[in-house]
Amino acid sequence: MLKNLRRAVGAIPFMRNPALASRSYSVSVKQMMVREALNSALDEEMSADPTVFLMGEEVGEYQGAYKAGFTGLGVGAAYYGLKPVIEFMTFNFAMQGVDHIINSAAKTNYMSSGNINVPIVFRGPNGPAAGVGAQHSQCYASWYGAIPGLKVVSPYSSEDARGLLKAAIRDPDPVVFLENELLYGESFPVSKQVLDSDFTIPIGKAKIEKEGNDVSIVSFSRMVGFSLKAAEILAKDGIDAEVINLRSIRPLDRSTVNASVRKTNRLVTVEEGFPQHGVGAEICASVVSDSFGYLDAPVERIAGADVPMPYAANLEIIALPQVDDIVRAAKRACYRSVPLSATR
Amino acid sequence: MACSATPKIVHGPLPTNSLRSAEKSDSSCKFMGPSSFFGSKSLNKKLFSVNKAVSSVGHRSAAVVAVSSDVVKEKKLKSSSSLSNLLITREEGLVLYEDMILGRAFEDMCAQMYYRGKMFGFVHLYNGQEAVSTGFIKLLKKEDCVVSTYRDHVHALSKGVPARQVMSELFGKTTGCCRGQGGSMHMFSKEHNVLGGFAFIGEGIPVATGAAFTSKYKREVFKEDCDEVTLAFFGDGTCNNGQFFECLNMAALWKLPIVFVVENNLWAIGMSHLRSTSDPEIWKKGPAFGMPGVHVDGMDVLKVREVAKEAVGRARRGEGPTLVECETYRFRGHSLADPDELRDPAEKAHYATRDPIAALKKYILENNLASEADLKAIEKKIDEELEEAVEFAEESPVPARSQLLENVFADPKGFGIGPDGRYRCEDPKFTEGTAQV
């Protein structure tokens with residue numbers, strides 16, 4: 001029965017959403033918001049496979065579920081044969097259920113020696129939003145990225161969102177899917193290939209968003225957009241930056257990053273999370289250990305400020321990386337003389 | 001209210017000289033279900049009818065029994081139950097006895113092996129609580145799930161995991177049920193549906209709730225004829241943990257096919273339950289969430305079995321969860337590293353007189369379900385099985401180096417791409433364990 005469903009879904013061209021239909025152009029490239037990308041991916045996966053179900057706070061009609069409880073409940077359902085997609089309002093709330101993400105989900109395939117695998121997806125917005133304060137703004141990429149047994153992905157564009165979410169749901173292992181609230185409303189062009197219901201992106205491969213020769217800028221999620229804008233500004237100053245979208249935090253695509261650094265000889269990493277033990281630290285360590293001889297300048301790490309997120313709007317702006325910070329870091333890596341910090 | 005009739009499930013055919021139960025029996029109602037729309041009335045009635053047949057000496061109406069001699073007649077009167085009113089048949093009795101003996105002997109063997117240095121790390125033994133495991137798990141099918149805590153050896157054994165596999169796992173050998181990667185606290189078996197072994201208290205309860213959710217999902221979404229039940233075992237300390245309450249809420253809200261079994265052995269490591277809990281009567285927490293809360297003497301396997309039949313039956317019929325508090329006791333310390341100096345020796349001595357195995361043995365012999373020789377044969381068989389299990393475990397090989405990196409992911413591409421641009425798992429040196437990671 002399942003097979004027929006899958007076949008049926010594949011055969012129907014994806015024109016379900018009237019909003020999308022109204023936006024279709026004569027060329028095969030459409031604009032799609034990240035939010036629509038995620039929803040369409042979830043919709044298709046749930047239709048194709050009835051064992052996939054969505055659970056979370058204020059999701060559907062399942063009111064009355066609370067974090068530690070429903071996180072563990074999802075893991076138990078995954079042990080016994082279903083494929084849950086657990087949604088957190090933000091990953092800050094997931095801290096109440098992190099014991100289940102790590103101890104019950106990530107470690108189980110190993111502890112049971114392959115007996116019981118956990119095909120679960122934990123998704124939700126990660127990182128800062130706008131003015132939501134310290135307890136709702138933390139980025140968890142580096143925390144989850146440290147755990148063996150987990151796969152951690154963080155999409156940037158709609159294509160990333162669709163492909164990675166489908167890959168995550170089909171994956172037999174626990175996947176932490178870190179979205180970004182401010183990206184939900186952004187539109188990106190998507191090709192027909194992306195709209196296919198079987199479109200997936202392999203977990204563990206980064207994407208080179210813009211090729212370049214002078215400096216490698218590595219980032220993920222929202223910061224990829226900032227990095228691309230910084231690359232435009234740098235181009236005017238004669239610096240040809242290569243922008244890499246990590247897509248996966250765990251496993252980290254070290255080979256793409258290293259290959260890029262061997263070409264450009266300079267590296268800048270950008271993330272929104274706290275600087276100590278962050279994703280940038282791991283990338284830096286990887287490059288230093290694998291491509292030391294190729295580095296012409298110290299690795300520049302840009303991260304969020306080492307403080308809990310303040311509420312005031314102007315403070316929030318300077319607590320997070322801005323395009324200007326990326327530009328200055330790239331210039332420092334190229335030994336141009338620049339002021340060390342923002343002058344505003 | 002259900003209290004007008006006294007179900008008296010605490011008392012039954014086996015004599016109990018318990019202080020705890022005696023005190024409690026004076027309170028008006030042992031079993032308090034919520035109002036009838038949750039279907040508990042039937043549970044009430046069922047239990048009541050059972051107890052009518054097996055109430056204590058001196059209260060029952062005379063039953064007509066065909067007896068062959070005066071001696072037997074006398075014996076029957078003394079034992080307060082007639083052949084037709086026995087709770088178990090001979091076969092069932094022997095199965096229960098064998099399971100409890102296996103549990104006890106296995107745990108004793110673990111202690112021996114630990115002190116000889118064959119077993120290491122954290123080992124938590126189940127001596128004294130066998131009635132709960134046997135009473136519940138022997139009613140289950142293979143597809144039903146059991147979720148336990150770190151005190152999980154006997155749950156795994158009762159569910160059907162072979163003793164030699166559990167023993168090997170404890171020795172850390174590759175022939176163990178988790179190939180040596182789980183250990184004492186993490187017994188998993190897909191075949192027998194043992195969903196773990198969890199180290200943190202309360203961790204298993206949401207997982208069990210999830211497995212029950214899957215059963216219900218299969219029934220309602222897939223329209224399968226699925227009546228699989230999940231049992232969650234946990235202790236008294238866990239009943240003060242937040243996750244426990246979250247799961248009681250969800251299970252009752254969605255009428256999940258789960259039974260929450262509290263093994264109340266009065267001690268959370270060294271913390272006395274009575275000192276750390278505002279209301280030590282755990283069964284009362286059930287009705288607060290809209291499910292029946294039942295208290296039962298956990299040192300008596302037959303009583304546990306009767307309650308379990310009802311609770312599991314309720315879950316199978318789709319009537320929702322039940323909270324069963326089993327009053328039990330562990331004869332050893334919290335773990336093998338615990339010198340067990342905090343508990344009063346008088347308390348320990350008292351519970352030693354209520355040993356569940358001795359009680360079942362007495363019941364079987366008094367009701368002529370089997371002879372002394374039959375039971376001795378079972379004990380001998382179990383001893384041999386354990387000797388063989390220990391030998392098997394000793395002779396089994398330790399895991400190969402390559403096993404370190406195996407099974408981290410079901411899809412090994414999770415290890416990512418190596419410096420040569422290929423997926424790490426495709427590199428033969430990686431799987432042999434000789435590549436640099």
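Is B:Glu306 buried or exposed? Select B:Glu306: this residue is buried, with a relative accessible area of 13%. Here buried means under 20% relative accessible area, exposed means over 50%, and partly exposed lies in between (1.4 Å probe, protein chains only).

**Before you go on**

This is a predicted model, where local features need pLDDT of at least 70 and side-chain atom pairs count only at pLDDT 80 or more, while totals for chains, interfaces and linings use all residues. Residues are numbered from 1 along each chain as its sequence is written, chains are lettered from A and ligands numbered from 1 in the order in which they are written, and side-chain values use heavy atoms, with hydrogens and water left out.

**Stop 1**

A salt bridge is a side-chain nitrogen of Lys or Arg within 4 Å of a carboxyl oxygen of Asp or Glu. B:Glu306 and B:Lys309 are separated by about one helical turn, because they are three residues apart in helix H12 (residues 301–317) of chain B. Helices (H or I, at least four residues) and strands (E, at least two) are DSSP runs, numbered from the N terminus. B:Lys309 is partly exposed, at 37% relative accessible area.

Now select B:Asp297 and B:Lys303. They also form a salt bridge, and the closest N and O atoms are 3.4 Å apart. B:Asp297 is buried, with a relative accessible area of 2%. B:Lys303 counts as buried too, at 6% relative accessibility.

**Stop 2: a salt bridge in chain A**

How many salt bridges are there over all chains? The count comes to 54. For one of them, select A:Glu300 and A:Arg332, whose side chains meet at 3.0 Å, N to O. This pair links distant parts of the chain, 32 residues apart. A:Glu300 is in strand S13 (residues 300–302) of chain A, and A:Arg332 is in helix H14 (residues 323–333) of chain A. A:Glu300 is buried, with a relative accessible area of 16%. A:Arg332 is partly exposed, at 23%.

**Stop 3: two surface patches**

Patches are made of residues with over 30% relative accessible area and no salt bridge; like charges are joined within 9 Å, and nonpolar side chains (Val, Leu, Ile, Met, Phe, Trp, Tyr) within 5 Å. Accessible areas come from the Shrake-Rupley method with a 1.4 Å probe, and for residues only the protein chains shown count as cover.

Select B:Asp383, B:Glu387, B:Glu391 and B:Glu395. They form a negative surface patch. Lys and Arg count as positive, Asp and Glu as negative; His and the chain ends are not counted. The place of a charge is taken as NZ of Lys, CZ of Arg, CG of Asp or CD of Glu. B:Asp383 is in helix H15 (residues 372–395) of chain B. B:Asp383 is partly exposed, with a relative accessible area of 46%.

Next, go to A:Leu315, A:Ile317 and A:Ile318. They make a nonpolar surface patch of about 290 Å². A:Ile318 is found in helix H13 (residues 313–319) of chain A. At 62% relative accessibility, A:Ile318 counts as exposed.

**Stop 4: covered places**

Select helix H5 (residues 98–106) of chain A. Seven of its nine residues are buried, so this helix is mostly covered. Among the buried ones are A:His100, A:Ile101 and A:Asn103.

Then find A:Val287, in helix H12 (residues 279–291) of chain A. A:Val287 counts as buried, at 0% relative accessibility.

**Stop 5: cysteines**

How many disulfides are there over all chains? The count is zero, where a disulfide is a pair of cysteine sulfur atoms within 2.5 Å. Select B:Cys110: the nearest cysteine sulfur, that of B:Cys177, is 12 Å away. B:Cys110 is buried, at 0% relative accessibility.

**Stop 6**

Most residues other than glycine have a negative phi, and most peptide bonds are trans. Select A:Arg250 and A:Pro251. A cis peptide bond joins them, with omega about 0 degrees. A:Pro251 lies in the loop between strand S11 (248–250) and helix H11 (254–264) of chain A.

Finish at B:Asn193. This residue has a positive phi of about 55 degrees although it is not a glycine. B:Asn193 is buried, with a relative accessible area of 13%.
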